[in-house]
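Welcome! Please take a moment to look over the sequence and the 3D view below.

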Amino acid sequence: RTPEATAAVLDRELPGVAEAMRHKGTEKTVHASLSRGLVGLAGRTVVVNLPGSPGGVRDGMAVLEPILDHLLAQVSGGGMHDA
């Protein structure tokens with residue numbers, strides 16, 4: 001039920017981030033493709049559904065870590081691109 005609850009509060013989804021997290025997970029287990037997690041913005045807050053397993057969290061954080069500074073800058077109105 002987490003994806004449905006998340007969808008209810010998101011103003012804008014960031015599907016590319018969620019897909020990148022799924023893709024990273026499938027490098028280790030095909031079951032990662034079953035993840036329904038969402039990533040998006042609720043106002044100026046970034047909301048990320050991470051998997052319930054420690055490995056899934058590691059994979060998700062591996063995707064988020066290199067883009068997080070840029071994403072947060074976009075949310076804050078910085079950078080050259082519209083978030």
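The paragraphs that follow look at a pair of helices, some salt bridges and a glycine in a loop.

This is a predicted model, in which local features need pLDDT of at least 70, side-chain atom pairs count only at pLDDT 80 or more, and totals for chains, interfaces and linings use all residues. Residues are numbered from 1 along each chain as its sequence is written, and side-chain values use heavy atoms, leaving out hydrogens and water.

Let us begin with two helices. Helices here are DSSP runs (H or I) of at least four residues and strands (E) of at least two, numbered from the N terminus. Helix α2 covers residues 15-26 and helix α3 residues 54-64; they pack at an angle of about 130°, their axes 9 Å apart. That angle makes α2 oblique to α3, since angles under 35 degrees count as roughly parallel, over 145 as roughly antiparallel, 65 to 115 as roughly perpendicular and the rest as oblique. For these values, axes are lines fitted to C-alpha atoms, for helices over the stretch in contact, and angles run from 0 to 180 degrees between N-to-C directions.

Where do α2 and α3 meet? Val17, Ala20, Met21, Lys24 and Gly25 in α2 meet Asp59, Gly60, Ala62, Val63 and Leu64 in α3, where contact means heavy atoms within 4.5 Å.

Two of these residues lead us on to salt bridges. Side chains of opposite charge can pair when their charged atoms come close. With a salt bridge taken as a side-chain nitrogen of Lys or Arg within 4 Å of a carboxyl oxygen of Asp or Glu, the count comes to 4. Asp59 forms one with Lys28, the closest N and O atoms being 2.8 Å apart. This pair links distant parts of the chain: Lys28 lies in the loop between α2 and β2, Asp59 in helix α3, 31 residues apart. Is Asp59 buried or exposed? Asp59 is buried, at 6% relative accessible area, while Lys28 is exposed at 63% (buried means under 20%, exposed over 50%, partly exposed in between, with a 1.4 Å probe and protein chains only). Lys24 pairs with Glu27 at 3.7 Å between the closest N and O atoms; Lys24 is partly exposed at 27%.

Another salt bridge joins Arg36 and Glu4, with 2.7 Å between the closest N and O atoms. Arg36 sits in the loop between α2 and β2 and Glu4 in helix α1 (residues 2-9), 32 residues apart.

Lastly, find Gly43 in the loop between β2 (39-42) and β3 (45-48). Gly43 is 34 residues from Gly77 in sequence, and the two are 12 Å apart in space, C-alpha to C-alpha.
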